[in-house]
Each structure stands twice: as C-alpha cells, then as structure tokens.
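Let us walk through this model helix by helix, then stop at a few single residues. Keep the sequence and the structure side by side.

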Amino acid sequence: MYGTPSNLFLGFHGCDRAVGEKILAGKSGLKESRNKYDWLGFGRYFWEGDYGRAVEWSNWLAKRKIPPRIEEPFVIGAIIDLGHCLNLLETENLRALQDGYEELVGLCREAGKPIPENKPLRGGSDLLLRHLDCAVLETVHRLVEEAGRPAYDSVRGVFWGGKELYPHAGFRSHNHIQICVRNPNCIKGYFRPLKPSRGYRVPSKINQYAEV
C-alpha cells in the first residue's frame, strides 16, 4: 500500500461539505460513481492537479441542485497512484478504446439495441452526458477481464469543454484532465487543501498572476 509508487498525482474532488468532512475524518471513503453517463466509466473522479476547477464544479452543482446534491460546496484533495492506468493520452490505449467501440457496436447490433449516444445537458453545448463513452470504457474493461489480463486500476483522460478563450482558439475555458480511480487502493490518502502562505512562492510552480 505504501511502497515506492512511480506515478503519484494530486487529485481534487468537489462534493458537499458534510460528505467531504466525513472522508477527511476517516469515517467514510469516496463512493464509486456508477452513472451510465460517466465519461471515463465507473469509478471515483478527480480533477488532476486543479483545485480551482474542483471548486468551480462543486459551486456549479450547488446552483443546479442536481445529483450528487450539494448544499455547501467543498473540495477535498487526494494523493493518487495511478497504478495500471488506461491513460487515454497514449496512442496504444486509444487503439484499445477504438477496439472497445467496435465490440460495443457489434453487441448492440446483435441484440437489436440502439448504440448509446453522448449528449449535452439541456441548454448546453458540451457533451456532458457521455453514455457512449461510458459504455465503450466498460466494454474495454470487460474485454480485459475476459482475456485474463490485469485489470486497470485507473483511467486518465483529457476533456475539451467550455467557450473558446479567443476567436478561433484551440483552447477552451474548461479544458482539464480527469482521473477515474477504479481500484480504491490507488488512493493513498485524503487531505484538506491549504491556501498559500503569503510572502512565499509555491515551490515548483511560479505563476506571475498569483499573489504572494
């Protein structure tokens, strides 16, 4: 559990304060999300190295009053070892994802069922309801299991969303990387995010826009 992991990441999760405080107190763990629209499949979701995005997300959920219901926005941090990761920023794994899609399409046609679709929330443009992507990821995991290969501990992917930062930009306001943890032992600990101490820079990160 606490050997010498080679790929530690910091992740942040937006939730209700009551839930977050229980996790920080060791009274409960973060529950696995199993929504059919979860874009990286089933697991525990974290924003990779982006506390601010987790804050935005929890505030957004609180305003919309949609599940998971948030009364008081809160963010917890986690130290994560990706373990055996299905990293969707790597070519080999993207090919595995394509294989999963082709398998899913074949199964749907054989069963006479419609292929799941990715859809935006009402009034939005980003494809936040990722029924197709979730079904493809879960198909990949099933194929791995049936082949007797080691199960993936986590999934890592990049999401392109939000408005263009400027006309014809290739960058958008809500681009981010998320981590979906399938194996809870990948989570080495939770922590309460701290605010930077005034008068000192943040080590290994020099931001000209940050206050010191």
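H4 has 16 residues, and its first and last C-alpha atoms lie 22 Å apart, close to the 22 Å expected at 1.5 Å a residue. The expected span is 1.5 Å times one less than the number of residues in the helix. Helices (H or I, at least four residues) and strands (E, at least two) are DSSP runs, numbered from the N terminus. The model is predicted: local features need pLDDT of at least 70, side-chain atom pairs count only at pLDDT 80 or more, and totals for chains, interfaces and linings use all residues. Residues are numbered from 1 along each chain as its sequence is written, and side-chain values use heavy atoms, with hydrogens and water left out.

Buried means under 20% relative accessible area, exposed over 50%, and partly exposed in between (1.4 Å probe, protein chains only). Just after H4 comes Gly148, with a positive phi of about 75°.

Now turn to H3. This helix spans residues 91-111, which makes 21 residues. From first C-alpha to last, H3 reaches 31 Å, close to the 30 Å expected at 1.5 Å a residue. Asn93, Gly100, Leu104, Val105 and Cys108 are buried in H3. These residues sit on the same side of H3, because they cover an arc of only 140° around the axis. The arc is that of the directions from the helix axis to the C-beta atoms. An α-helix has 3.6 residues a turn, so residues three or four places apart point the same way. On the other side of H3, the exposed residues are Thr91, Glu92, Arg95, Arg109 and Glu110.

What do the buried residues of H3 pack against? Their partners are strand E4 (85-87) and helix H4 (131-146). After H3 comes Gly112, with a positive phi near 70°.

The two helices deserve a view together. H3 and H4 pack at an angle of about 100°, and their axes are 8 Å apart. Axes are lines fitted to C-alpha atoms, for helices over the stretch in contact, and angles run from 0 to 180 degrees between N-to-C directions. H3 is therefore roughly perpendicular to H4, a term for angles of 65 to 115 degrees. H3 brings Ala96, Leu97, Gly100, Tyr101, Glu103, Leu104 and Leu107 to the contact. H4 brings Leu132, Ala135, Val136, Leu137, Thr139, Val140, Arg142 and Leu143. Contact means heavy atoms within 4.5 Å. By class, the contact has eleven nonpolar, two polar and two charged residues. Here Ala, Val, Leu, Ile, Met, Phe, Trp, Tyr, Cys and Pro count as nonpolar, Asp, Glu, Lys and Arg as charged, and the others, Gly among them, as polar.

Stay with Ala135, which is found in H4. Not counting residues up to four places away in sequence, Ala135 touches Leu104 and Pro116. Ile115 lies in the loop between H3 and E5. Ile115 and Ala135 are 20 residues apart along the chain, and their C-alpha atoms are separated by 9.2 Å. Ile115 is partly exposed, with a relative accessible area of 30%. Beyond its neighbours within four places in sequence, Ile115 is in contact with Val105, Cys108 and Leu132.

Next comes H2, residues 51-64. Its 14 residues reach 20 Å from first C-alpha to last, close to the 20 Å expected at 1.5 Å a residue. Arg53, Ala54, Ser58, Leu61 and Ala62 of H2 are buried. Their cover includes strand E1 (8-16), strand E2 (44-48), strand E3 (73-81) and strand E8 (176-181).

Strand E8 holds Cys180. Is Cys180 buried or exposed? Cys180 is buried, with a relative accessible area of 0%. Outside four places in sequence, its contacts include Leu40, Phe42, Tyr45, Asp153 and Val155. His168 sits in the loop between strand E7 (154-159) and E8. His168 is exposed, with a relative accessible area of 78%. Its phi is near 65°, a positive value in a residue other than glycine.

Technical notes:
Angles under 35 degrees count as roughly parallel, over 145 as roughly antiparallel, 65 to 115 as roughly perpendicular and the rest as oblique.
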